[in-house]
Amino acid sequence: SVKIRKRYDKSREDTFQNNMADFIVALLSTSRNNLTNEGKNRPALSRADMLKNRLKRFEARGFDDDRSSVQKGPKNQSIINGSEDVDNSDFNDISAPVTRPLTNLDELLAWTEGFDELNVSSVSLERVGNSLEQRPRTIVCHDMKEGYLQDRFVQGCPSTECYRIYHWQYIDIFIYFSHNFISIPPPCWTNAAHKHGVLVLGTFITEWEDGAARCAEIFKDQLSYRRVADQLVFIAKYYSFDGWLINIENQIQPAQMNNLVEFMKYLTDQMHKVVPGSLIIWYDSVTYIGELKWQNKLNAENRVFFDVSDGIFLNYGWNQTSLALSARAAGPERRYDVYVGVDVFGRGVYGGGGWNTNKATHVIKENDLSVALFAPGWVYEKYASTFKSSQDKFWTSIAPDCTTHALGPCLPFVTSFCQGYGEKWFSYGEVAFDQPWTHLSAQELQPSYINQIYSLGVQPNGILITTADHQTQDSYRGGGCLTLQGSTKLTTTSCKAVVRLFKTDIQLPSTILVSYTIKVEASNLLDVALQLHVDKKPNYIMLCPLAEENSQGKLQDSETMDSLNEALMHRYGVPRSDQIDSTRWASVSVGQEHYRSFAPVTGDYHKKLAEMCCDGEENVDSSWCTRYYLLAEKDLKGSHIKGIRLVLMNKTIPGSKTESSSTPFQLYLGEVKIIDAVSLRQTLPMVTSLKCLESEIKSRILNSNTLVITLTLSWTYDSSNTEPYERFEIYHLASDASTVFLGLAYSMSYVVSELALPRSQEEAQFIVQAVSCSQRKQVLRDCPRITVYWS
């Protein structure tokens, strides 16, 4: 039989155990809260108590003044940890906050909320519908080299050589897996997955003799297994993930089997009560009589666990006959709760894994069951030097066997296409930080389609798009953007090319602001528009460029002060966008009557919206162009955006029969934004109660000219009169009054780790800038700042 295998590294375990020591001390020194037999919730800790606990944990970790190493001269500050000249290849800053698993039963029972605010996910699950769709689904079970690699660093890692997932459109459930007893997902994975509507599960695992002894303790009586189940519920609730994979790979004493089944039932019921929409999934290992015997199918041996949970993760040694038997055993109502295991490393699995993984996913689809991909990080482990192209190749191969799910359902919809890493950090097209980084919490919404490009028109060679791909050499915001490459030429009739970007199901209010930001090389030969596909006729909203012919083809003039425009001017100081003639942008095969086309606002109205969106800062790279559209149609409210596309059109030479030669072009799509216009009237985001948690700043001498400090900043954020926050940007105000970008926070605290300063300096000033989910923010000079002192 094939099981979830342990790729064992003794040196890694020794290092890990040493790093765990301080965490265990902090946990075990905390008085254990008593749990009732019913597993009632503990009294909630106040934020003040949580911050005190966080400080205690930091102080318990200590600060090693005796560390010595050869230090190079100062370079740029790190976006991740504030240190200078970091060795990115083996980042292991002991003062940087990390995510850790729980390794034994004592740690699990001693766990209490309030110590780990930095590890709490900040992104709520954005999903269309309240439950999983009744269709075949895809699990990704992420197992890589024992887990907790660069992803364990809560504030990111100063390297681009990190594994990442960005094909979320094919994934329904993400499981963070390691061979530690309790694997708590790092918040970066939960944040990235939740943005894309993907549920996140942790892992509860017991194995072999040690696991058998642990299970004997857990399942000895009702009080014991309920205490464990309650802790699992509390942990998932506190860290804001969505459930557990239960993986018991050791024998269970027959006398305790009833307690194991009751544990599964109780855990599932409690998770559903505390975290609506959560999941408990059983791994196919132990049978109903307690034997460790993988079945590779759903049958009478493991059915009891399937019946009291939300699904079963089948072991990998299946064949087509066992798939058919599993589908029959599950029945039509629960067949999609059977997740068929596929080990991408190919250890004894159908098709052999690797580049043949699609052979397995294809037969699973034919049997109308769900897929559970184990360790798709194989792509990175095997092809790290060509990871991007290899990752795209892998997911393209299995995409036909996966369902592309929609993004939504609520506004705002904002993306810069950043994948959560970059060679630099960009702000408004300018380089704000010039070092490599990875921070998956910074990943933004990714396209739903891989290179789905169509050419339209009687002369399709007028514009050809060869690639639509992510790149990191340039960006409007974050670490990268979407880049389209191709060629265009002047033709006698217009030609169009369409790039499908997003599959969505976004419900709209009565008034929305839409903007998109582009940079085009060879822009004099190319027009660009954004297309929204809605579920009410006319079905296509075209957001067009401002062209000369638009001024002659207005169907409605924004200067006409009807009652709607008067209301918009009163609320926003801007009228609605002009509706223009759709002839040029309409598809002949669809018909002009299905299109509504709009021109962007211009002049002072453009400046007004840029200011309200906080895009009007002085340092915007002028090569980037942002177009704004204020849409207030009477039938807009209640409609749904079902898709977002980019449309490119070549220029024409009317009356001439001579076509020009082809010219290459490159288009950067830096941002797409759709927001409820009401948010433009809300107060700009601002942190309050900014403080340093340490009573004494930790400092040490680096060399004759330099010292480094470590401290923890904390603050509060009141969203009652403004939008929820998306992130916080942390800056150091240098002695020359310049601002140095230190990093990003996705919770209301940040560890400034090993910040290098002149040795003579005895104070430092920091600024925290809140950024809302619509990317609105105060200008940096108006943001709260704090000065800390040491001697």
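Visitor: At what angle do the axes of helix α10 (residues 357-366) and helix α12 (residues 387-398) cross?
Guide: This is a predicted model, so the values here are computed from it. The axes of α10 and α12 come within 9 Å. They cross at roughly 25°.

Visitor: Is α10 roughly parallel or roughly perpendicular to α12?
Guide: Start from the crossing angle of roughly 25°. Angles under 35 degrees count as roughly parallel. That makes the relation of α10 to α12 roughly parallel.

Visitor: Which residues of α12 make the contact with α10?
Guide: The crossing of these two helices, α10 and α12, is right-handed. From α10 come Thr357, Asn358 and Thr361. From α12 come Phe394, Ser397 and Ile398.

Visitor: How far apart are the axes of helix α6 (residues 222-239) and helix α7 (residues 257-274)?
Guide: α6 and α7 pack at an angle of about 30°. The two helices are therefore roughly parallel to each other. The distance between their axes is 9 Å.

Visitor: Is the crossing of α6 and α7 left-handed or right-handed?
Guide: Look at where the helices meet. Tyr225, Val228 and Leu232 are among the α6 residues in this contact. Phe263, Tyr266 and Leu267 are among those of α7. The crossing of α6 and α7 is right-handed.

Visitor: Is Ser309 buried or exposed?
Guide: Ser309 lies in the loop between α8 and β7 (311-314). Its relative accessibility is 7%. Buried means under 20%. So Ser309 counts as buried.

Visitor: Which residue has its backbone oxygen 2.8 Å from a polar atom of the side chain of Ser309?
Guide: First, set aside neighbours within four places in sequence. Ser309 is then in contact with Met264, Thr268, Ile280, Trp282 and Arg334. The backbone oxygen at 2.8 Å belongs to Phe305.

Visitor: What distance joins the side chains of Asn299 and Gln295 in their polar contact?
Guide: Asn299 is found in the loop between β6 (279-283) and α8 (303-307). At 17% relative accessibility, Asn299 is counted as buried. Its side chain makes a polar contact with that of Gln295, at 2.9 Å.

Visitor: How far apart in space are Asn299 and Arg328?
Guide: In sequence, Asn299 and Arg328 are 29 residues apart. In space, C-alpha to C-alpha, they are separated by 9.6 Å.

Visitor: The backbone oxygen of which residue is reached by the side chain of Gln471?
Guide: Gln471 is found in strand β16 (residues 463-471). Its relative accessible area is 15%, so Gln471 is buried. Beyond four places in sequence, Gln471 touches Gly479, Gly480, Cys481, Thr483 and Tyr668. At 2.7 Å, its side chain reaches the backbone oxygen of Asp474.

Visitor: Which strands do the buried residues of α4 pack against?
Guide: Helix α4 (residues 187-195) is mostly covered, with nine of its nine residues buried. Trp189, Ala193 and His194 are among these buried residues. They pack against β1 (138-142), β2 (173-176), β4 (199-207) and β32 (725-733).

Visitor: What is the phi of Gly197?
Guide: Gly197 follows α4. Its phi is positive, near 75°.

Visitor: Which residue of β35 stands opposite Arg727?
Guide: Strand β35 (residues 763-772) runs antiparallel to β32. Eight bridges join the two strands. Opposite Arg727 stands Val771.

Visitor: Which residue in β17 stands opposite Phe426?
Guide: Strand β12 (residues 425-427) and β17 run antiparallel. Two bridges join them. In β17, the residue opposite Phe426 is Gly478.

Key
Residues numbered from 1 in each chain as written. Predicted model: local features only at pLDDT ≥ 70, side-chain atom pairs only at ≥ 80, totals over all residues. Heavy atoms only, no water. Helix = DSSP H or I, 4+ residues; strand = E, 2+ residues; numbered from the N terminus. Buried < 20%, exposed > 50% of the residue type's maximum accessible area, 1.4 Å probe, protein only. Polar contact = N/O pair within 3.5 Å; in protein donor to acceptor, adjacent residues only side chain to side chain. Pairing = 2+ DSSP bridges. Axes fitted to C-alpha atoms, helices over the stretch in contact; angles between N-to-C directions. Parallel < 35°, antiparallel > 145°, perpendicular 65-115°, else oblique. Left-handed = near helix turned anticlockwise from the far one by under 90°. Contact = heavy atoms within 4.5 Å.
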